[in-house]
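Hi,

Here is the structure I promised to pass on to you. Please have a look at it first, and then read my notes below.

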Amino acid sequence: MSVKGILTFPGDKSISHRAFMLAALAEGTSIIKNSAMGTDVLSTIRCLRDCGINIKNIDKNEAHVSGRLAFPDKDLFCGNSGTSARLLTGLLTGQGITANLTGDESLIRRPMKRIIAPLTEMGARIESLDSHLPFRINGSGLRGIKYRIPVASAQVKSCLLLAGLGAEGNTELEEIAPTRDHTEIMLKELNVNISTSADKNVIKLSGPCKKLPEFSVNIPGDPSSAAFFAAAGCTKDSELLLKDILLNPRRLGFYRTLQRMGARLEMMEKRQRQFGELTGDIRVRPGLLRGIHLAAEEIPGIIDELPLLAVLATQAEGKTIVKGAAELRVKESDRITAIYTNLKNMGADIEEFSDGFSIIGPTQLTGSKIQTYHDHRIAMAFTIAGLFCNEPVILDDQECINISFPEFFTLMSRLVK
């Protein structure tokens, strides 16, 4: 099945979360345009409102954010959003806010020790039975620390940088591998005293800096959302133009991987920066796909798109190997199991590892009922898999897509097939 069209996308989810949190620290009224409006970002908005922040005009896609953070009088419910839980914990502890945080059935199983340990070292008091949500935070009197982050996680890094805004002295973080750097870019745009080393592995922030200037931002299109349509553009005789996409180099791992696999992809019209970020258009046309071996150091930059890569690997000539991706086990679902189970049911030649998988292609996939495990990325990846099937795929939970990309099926319907 071929697809053609020109598409624009909702704002980047990662930047949306961070923009609302930083606006909560800003003097005056900040304006956020084209925010992502999935339930994950809405969880961040709800929690900030519960902490006294005024957020208006969301229905007009031009949010006006003002007010001062205050102690909430109810538990902060982060829903399914790990970004909300981890980044808000850093933000609130840095501002000395006492709060109880919790989440849905999936989120309370996700690991939180990775933020609890360094925040405790900074002086925060976090009461948790087993290093998972729910927990109670109190962050008065934080101090900066020097810390090597043991996992490749932009959420952990951003949590500690947000905490560092309210901490005395320097917060110095070393990454074991590069992760998305939106927090650093945004803080620099807001004149925070933050710097990165020449190799960009060490970030240093000087605190405290509890109030930021007001700002206005038009958030560029989400490359992680657009990735599903880039994959669709790999079907025979297809051509898609993805407009106004965030072109941050640390968010383009999937697109570089598509090029390595043989897709004809070009980044065009690179233009204005939004909040320090480069934007542009991406044209995607099919090519003869071939299997590749993804090294462990490449995984952090493509972790969210690995389910989609697995689908494309079934259409590639030869063997695709993904190792060093154990982090997939602790996402919204065990995504390695989800990938293996669904592709096996569709007739793929796939082997599961503890930290990844291998796939031999090409294979004519068979439509089947998809076990989404209530995971938005699994649901969307296997909707795209349906383009490579002669029979339809049926999702056992279509609604979970609203977590990150409620516009997904509307955009799918706009493609000329």
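Leaving aside neighbours within four places in sequence, which residues is L242 in contact with? Please keep in mind that this is a predicted model. The contacts of L242 are L7, F9, A226, F229, A230, G280, D281, I282 and V284.

L242 belongs to the largest nonpolar core, which has 72 residues. Together with F229, L306 and I384, L242 is among the residues there that touch the most other members. There is also a second, separate core of 70 residues, with A19, L101, C209 and F275 among them.

Now to the rings. The count of aromatic pairs comes to 9. One of them joins F9 and F405: the ring centres are 6.4 Å apart and the planes stand at 50 degrees, so this pair is tilted. F9 sits in the loop between β1 (4-8) and α1 (13-23), while F405 sits in the loop between β23 (394-395) and α12 (408-413), so the pair ties together parts that are 396 residues apart in sequence. Both F9 and F405 are buried.

F408 and F409 form an edge-to-face pair, because their planes are at 75 degrees, with the ring centres 5.0 Å apart. F408 is buried at 0% relative accessibility, whereas F409 is partly exposed, at 31%. Ring pairs also link F9, F228, F229, F405, F408 and F409 into a cluster.

One more for you: the charged end of K323 sits over the ring of F353, at 4.5 Å from the ring centre.

Best wishes

Methods. Residues numbered from 1 in each chain as written. Predicted model: local features only at pLDDT ≥ 70, side-chain atom pairs only at ≥ 80, totals over all residues. Heavy atoms only, no water. Phe/Tyr/Trp six-rings, centres within 6.5 Å; stacked < 30°, edge-to-face > 60°. Helix = DSSP H or I, 4+ residues; strand = E, 2+ residues; numbered from the N terminus. Buried < 20%, exposed > 50% of the residue type's maximum accessible area, 1.4 Å probe, protein only. Lys NZ or Arg CZ within 6 Å of the ring centre and 35° of its normal. Core = buried A, V, L, I, M, F, W, Y, C linked by side-chain atoms within 4.5 Å. Contact = heavy atoms within 4.5 Å.
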